[in-house]
Amino acid sequence: MITRQRLAAGICALLATLTAGVAFPAGAVADETDSAASPKVELVLDVSGSMSARDIDGGSRMAAAKQAFNEVLDATPEEVQLGIRTLGANYHGNDRRTGCKDTAQLYPVGTLNRTEAKTAVATLAPTGWTPIGPALLKAADDLNGGDGTRRIVLISDGEDTCQPLDPCEVAREIAAKGIGLTIDTLGLVPDAKTRDQLSCIADATGGTYTSVQHKEELSDRVGQLVDRAADPVVTPVATEGATQCAGAPTLKSGLYTDREEFGKQRFYRVDVNPGQELRASVSVGADREVNPDYGVLMRAVTVHAREIVRGEGTGNGRTDVISTGLRYPKAESDDDNAPAETVCLQVTNSFSAASGVKTTPGLPLELTVDVVDGPNKASDVASFGLGRGWWLLGALVLTGFVAGLLWGWLSRWRLAVWRTN
């Protein structure tokens, strides 16, 4: 529908130019198309009172952040739409309710005017509270719309001071919306609590956490994250599995995201034609504190619940993500009109939440589905799990046998010579 509208607009513009002889500014349609697919980044900066501390290379944390922003603004790729949001920058008082609403967009997300953005950053001074949760919610709204990648880069030096709106829970809610928004966090000289909170925010959306203690580190890392937004990526498609195979969505080859409750299961359907092979994998992330000893099981079953093949993985608390996968080749059919087989993918987890940890939204799940042409030659099929490795194994056995014979003959010859002498 959108493509037809744009095509119609372009045709009308061309006709108007030919009939009236007036130069039509073609940039309007082009800009709309570009902005819809352009990567978007919003830098969210903590401007709370603690940013005045002078413990980064002899200067204040605020000065280090300003220098980093200036360098990043100079190096921002042209295709990236960039914005800046602050938290704790405007309210000087002691009223907690007012201070926890103190977040504002300093520079709107859009085509970057470096002079205006730098001027806006230069006016900042450490002021108030640290409402990280409200700032993340507003930043997600700032980046709403468009088909390009979306990334929030949060720079803070302390914990959120506006509980009970837990910023980690806010990040999980943002991720649960399935809008493909990533939050990266940077902690300026952080303590253990700040580090844990910022790590949790990043983990909830598949982002990264970085601890920063020097100006150069801050500039380099923010620049890397902004550049990364411009890299082509495969954006997962949000889907919603069912509790039974009968009501499950039918998926094509691609990358999908979903949420799965603790200890529950999700079903998805995939159609596999004769002569094709289904390759599927799943990763379930522990984006909050969970009890040790957990696992994830992926089963391919028929619509009548008969198991075809399974894959499973286990963990003991040393990793935040656990993955498994499976392959199912469907044999060729002599009937050219043979129908596709509906395979149900069942994903089950055995995670359990630690005491006091919220269980909603569910754990983030990433599902990869790939339906490809199956093997059609005997040499393409693995033999007892070794495949073409049997050739190498046979060559090694033969080489060892010949070497043993030669070594035995040489040893006997040397012994005979020794006895003769």
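## About the model

What you're looking at is a predicted model, where local features need pLDDT of at least 70 and side-chain atom pairs count only at pLDDT 80 or more, while totals for chains, interfaces and linings use all residues. Residue numbers start from 1 along each chain as its sequence is written, and side-chain values use heavy atoms, with hydrogens and water left out.

## Disulfides

Searching the whole structure turns up 3 disulfides (pairs of cysteine sulfur atoms within 2.5 Å). Count the bonded cysteines along the chain and the pattern reads 1-2, 3-4, 5-6.

Let's start with Cys100 and Cys162, whose sulfurs sit 2.0 Å apart. This link is left-handed, with -95° about the S-S bond. Cys100 is in the loop between helix H4 (96-99) and strand E3 (103-110), and Cys162 is in the loop between strand E4 (150-156) and helix H7 (167-176), so the bond ties together parts 62 residues apart in sequence. (Helices, H or I of at least four residues, and strands, E of at least two, are DSSP runs numbered from the N terminus.) Cys100 counts as buried at 13% relative accessibility, and Cys162 is buried at 6%. Here buried means under 20% relative accessible area, exposed over 50%, and partly exposed in between, with a 1.4 Å probe and protein chains only.

## The other two links

Cys168 and Cys200 are bonded with their sulfur atoms 1.6 Å apart. Cys168 belongs to helix H7 and Cys200 to helix H8 (residues 192-204), so this pair ties together parts 32 residues apart in sequence. The link is left-handed too, with -50° about the S-S bond, and both cysteines are buried.

Then there's Cys245 with Cys344, S to S 1.7 Å. Cys245 lies in the loop between strand E7 (237-238) and strand E8 (254-260), and Cys344 in strand E14 (residues 341-349), so the parts tied together are 99 residues apart in sequence. Cys344 is buried at 0% relative accessibility, and Cys245 is buried at 10%.

## The largest pocket

The largest pocket holds about 990 Å³ of space. Of its 39 lining residues, Thr205, Gly206, Pro236, Thr257 and Glu366 are the closest to its centre. Elements giving two or more residues to the lining include E4, H7, H8 and E8, along with strand E5 (181-188) and helix H9 (215-230). By class, the lining has 16 nonpolar, 12 polar and 11 charged residues.

As for terms, a pocket is an open set of points on a 1 Å grid over the protein atoms alone, where a 1.4 Å probe fits, with protein on both sides within 12 Å along at least five of seven lines; lining residues have an atom within 4 Å of a point. The volume is the space filled by probe spheres set on the points, which are joined across faces, edges and corners. Ala, Val, Leu, Ile, Met, Phe, Trp, Tyr, Cys and Pro count as nonpolar, Asp, Glu, Lys and Arg as charged, and the others, Gly among them, as polar.

## Salt bridges

The structure has 17 salt bridges (a side-chain nitrogen of Lys or Arg within 4 Å of a carboxyl oxygen of Asp or Glu). One of them pairs Asp55 with Arg61 at 2.6 Å, N to O. Asp55 is partly exposed at 33% relative accessibility, whereas Arg61 is buried at 10%.

Asp287 bridges to Arg172, with the closest N and O atoms 3.7 Å apart. Asp287 sits in the loop between E10 and strand E11 (294-301) and Arg172 in helix H7, so parts 115 residues apart in sequence are tied together. Asp287 also bridges to Arg288, at 2.8 Å between the closest N and O atoms. Asp287 and Arg172 are both buried, and Arg288 is buried as well. These residues join Glu169 and Arg259 in a network of salt bridges.
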